[in-house]
Amino acid sequence: MHIFDWFILFSIIGLIVGYGIYKARGITDTRSYLQGEKNLKWWTIGLSVMATQASAITFLSTPGQAYAEGMGFAQFYFGLPIAMVILCIFVLPIFYKLNVFTAYEYLEDRFDLKTRTLTAFLFLLQRGLAAGITIFAPSIILSTMLGWSLGTTTILIGLLVIAYTVTGGSEAVSQTQKQQMIVILSGMFVALLVIIFKLPENVSLSDAVSVAGKMGKLNVVDFEFNLSNKYNIWSALLGGTFLFLSYFGTDQSQVQRYLSGKSLTESRLGLLFNGLFKVPMQFSILFVGLMVFMFYQFNPAPLHFNQSNVQQIKQSTLAPQYENLESQLLSVQTNKKTAIFNAIEKNGNNISDADAAVFKSLLTKESEIRQQSKDLIKTYNTTNQTNLDAEDTDYVFISFVMKYLPVGLVGLLLAVIFSAAMSTTASELNALATTSVIDIYKRSLVTDKTDAHYLKMSKLFTVLWGVIALTFAMGASLFDNLIEAVNIVGSVFYGAILGIFVVAFFFKKVKGNAIFLAALLGEAIVISLFVLDKMEIISLAYLWLNMIGCVVVVLIALLLNNFDMSAANKNNQTTT
Amino acid sequence: MENDIEKPPVFKNWSTLYWIVIILHIGLITVFTLITKAYS
């Protein structure tokens, strides 16, 4: 990497860390540290909410998703605007009216302490795991760039984030995120322009999009109802809406962002802003991945995008086999490139079905060769007792950035990825610490200490959660795709949490005991379904877990409550 | 005793904004559907 890129990277990271420390200098009480000054305007809330959700993973994984599977992942966000509107109507007014610190405080008011504690615990569990993946994602970059092991880079990034978060506090997190989102959006826009500029002279953007479509990559909306299909419009609108209702309505890392608003109006506008811009933003990031895919139709794409893995294979006895696959791939890519040029020359962007069939057949051949390279990595793992990740979709975008973007822009994009990761993790650790202190430590364990004690404990819990997240991050490479891993972990827990809140808001007759048991049973059912799917006994896309978890908890709560009430009535009659 | 939560107030000014968000979203999904159909 050029020295100028290093300069840009370290300047931006240094400025962000410095800004965090500067913002934290006046913090002397727990409320300010955990909740900020409650003076944010709607655009800061909107950008902060978007920045919390869009971490480094968004940058690394999403373009890779588009490269490997096309644009279908855009559907994942279709439920988000609907969820924003529902939250603005029903949830925000209640949180503001009760002036809660965390979302779970409301549950004690509505049900009882055990339900509040259980829900806070479920949140801590899933967010603690997700925070691990958020730390792991940017460490991939350093690993690829410097040739260090993934473990070393994970620990390095994790410690940097923990240090920044402990000194930061909620106010600094929100303020920093606003600036970072602006840098992120402009960085991605510039990257897109550079990729389009790098297409061959005789291939227009329209030609490239048309070819991508004929290769099956522009499959944005899928109307086929299929429970095992990860992304279609039905799982998105039903499962996705439930996921986002739960994420934005009950996940403290998001609730904390919009509760820092100056007023209910500012918070509502912030969420609607997110609802309007999130889907186009994700579509654009996927489109960048699509353009990277098209770029590699005209330029040789590596057989495996993780160069660290490639180096190890090439130094082993498997090198001749790997090089043989490389030359096979080059031959297929050359044929594909010629076929694309011929088709465009013949019909412009009106690609014929016959040409499309040729593209698809060559693409299938390419996939087969890539699969063989993955099998080779697995063989290497077995022979050498290593754990190299055969999946490389998360490396697609970053390897393109490193190799093809001009000096200066490489540093800028890396800084964007680092700062996005840091701010998201900061937000998560901040929320984890808040919930640990407010909902568990201060509420149930140590109730009568001074504010200075709780401030100290808030910082200590931030460090503790950082260490837990870091430990989980060390095992994150087991997942095929990072952004999916975060969403899968969320989907396992969000349904039940949302079910608890749905009952709290809409079924006033249901009491604490019924919802507590329903939440435990509901979570057990969701985990069972997830395990059955993993064992391939059933086939169920993970987005459905959100809806199933929520519906099951609501139904069981109603059932148990009716049972409880009829038993109570019976007792009353017997007594009379 | 269980605390009663007040019913959400009627949002006369807000409902238009909510509808705008939903209608724009439906428009966006329609555009995506047309893109899918046109380029498949």
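User: How many helices and strands does chain B have?
Analyst: In this predicted model, buried residues make up 12% of the 40 residues in chain B. As for secondary structure, chain B has one helix and zero strands.

User: Which helix supplies the largest share of the side of chain A that touches chain B?
Analyst: The contact joins 24 residues of chain A to 21 residues of chain B. On the chain A side, α5 (80-98), α6 (105-110), α10 (205-214) and α13 (264-298) each supply at least two residues. The largest share, seven residues, comes from α5(A).

User: How many nonpolar, polar and charged residues does the side of chain A that touches chain B have?
Analyst: The residues in question are the 24 of chain A that are in contact with chain B. Sorted by class, this side has four charged, four polar and 16 nonpolar residues.

User: Is α5(A) parallel or oblique to α11(A)?
Analyst: Two packed helices are described by the angle between their axes and the distance between the axes. For α5(A) and helix α11 (residues 233-250) of chain A, the axes are 8 Å apart and the angle is about 50°. That angle makes the arrangement of α5(A) relative to α11(A) oblique.

User: Which residues of α11(A) meet α5(A), and how many charged residues does the contact have?
Analyst: The crossing of α5(A) past α11(A) is right-handed. From α5(A), the residues Leu80(A), Ile82(A), Ala83(A), Ile86(A), Leu87(A) and Val91(A) meet Thr241(A), Phe244(A), Leu245(A), Phe248(A) and Gly249(A) of α11(A). By class, the contact has nine nonpolar residues, two polar residues and no charged residues.

User: What is the orientation of α3(A) relative to α9(A)?
Analyst: Helix α3 (residues 42-53) and helix α9 (residues 170-197) of chain A pack with their axes 8 Å apart, at an angle of about 80°. An angle of 65 to 115 degrees counts as roughly perpendicular. The angle therefore makes α3(A) roughly perpendicular to α9(A).

User: How many polar residues does the contact of α3(A) with α9(A) have?
Analyst: On α3(A), the residues are Thr44(A), Leu47(A), Ser48(A), Met50(A), Ala51(A) and Thr52(A), and they meet Ser174(A), Gln177(A), Lys178(A), Gln180(A) and Met181(A) on α9(A). By class, the contact has four nonpolar residues, one charged residue and six polar residues.

User: How many of the 10 residues of α10(A) are buried?
Analyst: The buried residues of α10(A) are Asp207(A), Ala208(A), Val209(A), Ser210(A), Val211(A), Ala212(A), Gly213(A) and Lys214(A). Just after this helix, Gly216(A) takes a positive phi of about 80°. The helix α10(A) is largely enclosed by the rest of the structure, because the number of its residues that are buried is eight.

User: Is Phe287(A) buried or exposed?
Analyst: Phe287(A) lies in helix α13 of chain A. Its C-alpha atom is separated by 9.6 Å from that of Val209(A), 78 residues apart along the chain. Because Phe287(A) has 21 C-beta neighbours inside 10 Å, it counts as buried.

User: With which residues is Glu366(A) in contact, leaving aside its neighbours within four places in sequence?
Analyst: Glu366(A) is found in helix α16 (residues 353-384) of chain A, and it counts as partly exposed because it has 18 C-beta neighbours inside 10 Å. Its C-alpha atom is 8.8 Å from that of Gln328(A), 38 residues apart in sequence. Apart from neighbours within four places in sequence, the contacts of Glu366(A) are Leu329(A) and Val332(A).

User: Where is Glu536(A) found?
Analyst: Most residues other than glycine have a negative phi. Glu536(A) has a positive phi of about 60° although it is not a glycine. Glu536(A) is exposed, because 7 other C-beta atoms lie within 10 Å. Its place is the loop between α21 and α22 (543-575) of chain A.

User: Is Asn99(A) buried or exposed?
Analyst: Asn99(A) is found in the loop between α5 and α6 of chain A. Although Asn99(A) is not a glycine, its phi is positive, about 50°. With 9 C-beta neighbours inside 10 Å, Asn99(A) counts as exposed.

Notes: Residues numbered from 1 in each chain as written. Chains lettered and ligands numbered in written order. Predicted model: local features only at pLDDT ≥ 70, side-chain atom pairs only at ≥ 80, totals over all residues. Contact = placed C-beta atoms within 7 Å. Helix = DSSP H or I, 4+ residues; strand = E, 2+ residues; numbered from the N terminus. Nonpolar A, V, L, I, M, F, W, Y, C, P; charged D, E, K, R; others polar. Axes fitted to C-alpha atoms, helices over the stretch in contact; angles between N-to-C directions. Parallel < 35°, antiparallel > 145°, perpendicular 65-115°, else oblique. Left-handed = near helix turned anticlockwise from the far one by under 90°. Buried ≥ 20, exposed ≤ 12 C-beta atoms within 10 Å, placed from the backbone.
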